[in-house]
Every structure is written in C-alpha cells, then in structure tokens.
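Here are some notes to read alongside the model, written for someone meeting it for the first time. Please keep the viewer open and follow the points in order.

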Amino acid sequence: MIKNKLNNLSENIRLQLFVVLVGVLLLAGKFTAFILTNSNAILTDALESIINVVAGAFSLYSLVLSARPRDENHPYGHGKIEFVAATLEGSLIIVAGGAIMFKSVFNLIEPVPLQKLDIGMLLIAASGVINFVVGFLTERRGKQSNSMVLEAGGKHLQTDAYSTAGILIGLVLIYLTDQIWLDSVVAILFGLMIGITGYRILRSSIAGIMDEADYELLKRIVNVLNENRHENWIDIHNLRVIKYGSTLHIDCHLTVPWYLNVLEAHDEVEAVAMVIREKIDPSIELFIHTDPCIAPSCAICTKTDCEVRRQAFMARVEWDFDKVIADRKHGTY
C-alpha cells in the first residue's frame with residue numbers, strides 16, 4: 001500500500017511539472033498575442049496565465065513537500081501544505097480578476113486602438129484548447145489520487161479554457177464590427193468570472209485548513225458501514241474525517257460486546273478498517289476507539305448467540321448519519 005502511495009505521489013509530481021512547463025509556453029504565446037494586438041481581452045488571458053505559472057510552481061513544491069514521509073515534527077505527514085497551495089492559487093486568481101477589471105474600466109474611458117486581431121485570435125484559440133486538455137487530465141488525476149492541488153489546478157485550467165473561448169467570441173465580434181469598446185467589456189465580464197473561480201478555490205482550501213466536515217464523504221462512509229455490518233459491530237458513533245492532502249484520517253467509536261478480550265476487539269477494529277479501505281480508499285488511516293456495550297444496547301444488538309443479554313432484541317437499527325457523526329449512541333427511541 002505504501003509503495004502504491006509513493007508511486008501515486010511520483011506520478012502527481014511529474015504531471016504537475018508538465019503542467020508548469022506547458023503554462024510557461026502558453027504564457028509566452030498569450031503575451032505575444034497581446035503585444036501584437038494591444039487587446040485588453042487578450043491581456044486578461046495573459047495575466048491569468050501568470051497566475052497559472054506561479055500557482056502551478058507553488059503547487060509543484062507542495063506536492064514534493066507532501067511526498068516526504070512523516071517525521072517527529074509532522075506526525076501526520078506534510079499533506080496540509082496542499083491546502084496552503086490551493087489557498088495561494090485562489091488568492092492570486094482573485095487579485096488577477098480585480099486587476100483585469102480595473103484596467104478594462106480605465107480603457108473604456110480611454111480606448112486603445114487594436115491591431116492584428118486575426119493572428120492574436122489564432123494564438124489564443126490554440127492556448128485555450130491546450131489548457132482544456134491539460135486541465136481535464138490534471139483534474140481527473142487529482143480525483144483518482146485524492147490530491148486537492150491537482151484537482152484545483154485542473155479545474156482552474158479548464159475554467160481558463162472556457163474564459164478563453166468567451167474571449168475569443170468577443171474578439172471575433174470586435175473583428176467583425178470594429179467596435180473597440182467591446183474589448184474592455186469582454187475583459188470586465190471575464191475578469192469577474194475569474195474572480196468568482198478564485199473565491200471558490202479559496203473557500204474550498206480554507207475549509208480544508210479548518211478541517212470542515214465533508215458531509216458527502218461522511219454519508220458515503222456511513223452507507224458502506226451499514227451495508228457491511230458484522231454482528232459484533234453494535235454501534236458506530238463520533239465519526240470524524242480529517243484530510244491531510246491526499247491522505248484521509250478517520251476517527252470513530254465502535255461499540256462491541258463487553259466480554260470480548262483485547263485480541264477479539266482488535267479483530268473487529270481491523271474488520272471495520274478493512275471494509276472502509278476496500279470500499280472507500282485503500283490509503284485511509286483509521287483510529288478506532290472501542291466501547292463496551294451497555295444494557296440499552298441489547299435492544300438493537302443482532303448477535304444471536306449472546307449468553308449475557310439483559311434485554312430482549314427489538315429491532316435492527318440502521319445507523320443514522322446525524323448520530324454517527326455525533327457522540328450519541330443509537331437506540332430504539
């Protein structure tokens with residue numbers, strides 16, 4: 001499992017290095033298009049490419065750092081750096097969107113003549129296609145490896161490609177109508193879109209830093225546990241998930257029959273861990289605390305050969321999401 005994880009990290013690093021190199025080439029192409037055309041809309045695309053390169057380079061550093069093994073100072077590893085990288089990327093995107101809108105408003109007042117739009121449009125169209133393909137591959141890889149950096153970067157590149165397509169449509173209109181003011185209007189609209197994208201990335205990364213609960217993932221875990229219950233798993237509660245980059249850490253309390261010895265209770269803990277790793281993610285780390293069953297547990301305990309039952313069995317209770325994530329045991333009430 002450790003070997004597979006290291007291979008995944010190496011693949012992520014190589015992919016991010018490729019993304020940075022492609023970003024540098026596209027940056028050069030877009031600024032060439034801006035110099036040739038003097039278009040604010042093209043400058044919008046070029047400025048965002050600067051953000052792509054800077055954020056991509058920092059993301060590459062974060063992936064290299066997060067690949068380091070845990071040590072005494074970082075007992076949970078270095079994965080949190082990925083959230084810092086995504087935070088930087090989102091912040092830079094917001095700044096770029098603001099700068100684009102500021103310059104475009106100024107040029108609405110003081111228009112600047114455009115030139116060689118045909119060449120500029122070809123360069124921008126090519127960069128848009130490349131950005132979309134690279135972004136799609138990067139986001140897909142990020143989802144496969146649970147890497148927030150790759151997923152955020154991939155989404156950003158695809159958004160950049162969409163904005164490039166919109167800018168290209170605007171440039172075609174300007175080229176056909178010769179209305180220079182449209183250039184600044186297009187830039188303002190897409191500057192606003194870029195800012196919204198940056199906010200979403202920033203919001204997601206801050207949620208990771210603050211260990212905000214991922215309810216979708218928690219519900220998936222609860223469903224998996226309900227579908228694969230063992231008779232000695234009387235209750236699950238106090239379930240929490242913490243993300244450290246691509247690694248998930250799960251804490252929970254497992255209620256088992258009070259008379260199990262330490263070895264038997266440990267086997268039940270390992271069985272829970274095996275189910276979650278098989279059905280959710282093989283690299284998940286689990287810290288499971290065992291609780292002994294109490295008299296009220298008998299009413300929902302499905303164990304048929306229990307010789308110390310103190311209450312009659314009433315019903316098998318499906319583990320409720322709200323109780324599982326809280327420190328509340330299930331019952332028939």
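1. Arginine 316 and glutamate 318 form a salt bridge whose closest N and O atoms are 2.3 Å apart. A salt bridge here is a side-chain nitrogen of Lys or Arg within 4 Å of a carboxyl oxygen of Asp or Glu. Arginine 316 is partly exposed, with a relative accessible area of 41%, and glutamate 318 is partly exposed too, at 46%. For these labels, buried means under 20% relative accessible area, exposed means over 50%, and partly exposed is in between (1.4 Å probe, protein chains only).

2. A word on the basis of these notes: this is a predicted model, in which local features need pLDDT of at least 70 and side-chain atom pairs count only at pLDDT 80 or more, while totals for chains, interfaces and linings use all residues. Residues are numbered from 1 along each chain as its sequence is written, and side-chain values use heavy atoms, with hydrogens and water left out.

3. How many salt bridges does a search of the whole structure find? The search finds three. Glu231, Lys303 and Asp305 are linked in a network. Within it, lysine 303 meets glutamate 231 at 3.5 Å, N to O. That pair links distant parts of the chain, 72 residues apart: lysine 303 is in the loop between β3 and α9, and glutamate 231 is in the loop between α7 and β1. Lysine 303 also meets aspartate 305, again with 3.5 Å from N to O.

4. Is lysine 303 buried or exposed? Lysine 303 counts as buried because its relative accessibility is 10%. Its two partners have other labels: glutamate 231 is partly exposed at 34%, and aspartate 305 is partly exposed at 49%.

5. Now for the overall layout. The protein has nine helices and three strands, and from the N terminus on they run α-α-α-α-α-α-α-β-β-α-β-α. Helices (H or I, at least four residues) and strands (E, at least two) are DSSP runs, numbered from the N terminus. Of the 333 residues, 48% count as buried. Among contacts between residues at least 6 apart in sequence, 72% join residues at least 24 apart; contact means heavy atoms within 4.5 Å.

6. The largest nonpolar core has 29 residues, and Ile221, Leu225, Trp233, Leu239, Ile250, Leu254 and Ile276 touch the most other members. Such a core is a set of buried Ala, Val, Leu, Ile, Met, Phe, Trp, Tyr and Cys residues joined through side-chain atoms within 4.5 Å. The elements giving two or more residues to this core are α7 (215-227), β1 (235-244), β2 (247-256), α8 (262-279), β3 (285-292) and α9 (321-324). Apart from it lies another core, of 14 residues, including Phe34, Ala41, Met121 and Phe190.

7. Tryptophan 233 deserves a look of its own. Leaving aside neighbours within four places in sequence, tryptophan 233 is in contact with Leu225, Asn228, Leu254, Thr255, Glu268, Ala271, Val272, Val275 and Trp319.

8. Helix α7 has 13 residues and reaches 18 Å from its first C-alpha to its last, close to the 18 Å expected at 1.5 Å a residue. The expected span is 1.5 Å times one less than the number of residues. Which residues of α7 are buried? They are Leu217, Leu218, Ile221, Val222, Val224, Leu225 and Asn226.

9. Leucine 137 sits in helix α4 and is partly exposed, with a relative accessible area of 38%.

10. Lastly, alanine 326 lies in the segment after α9 and is partly exposed at 22% relative accessibility. Leaving aside neighbours within four places in sequence, alanine 326 is in contact with His237 and Asn238.
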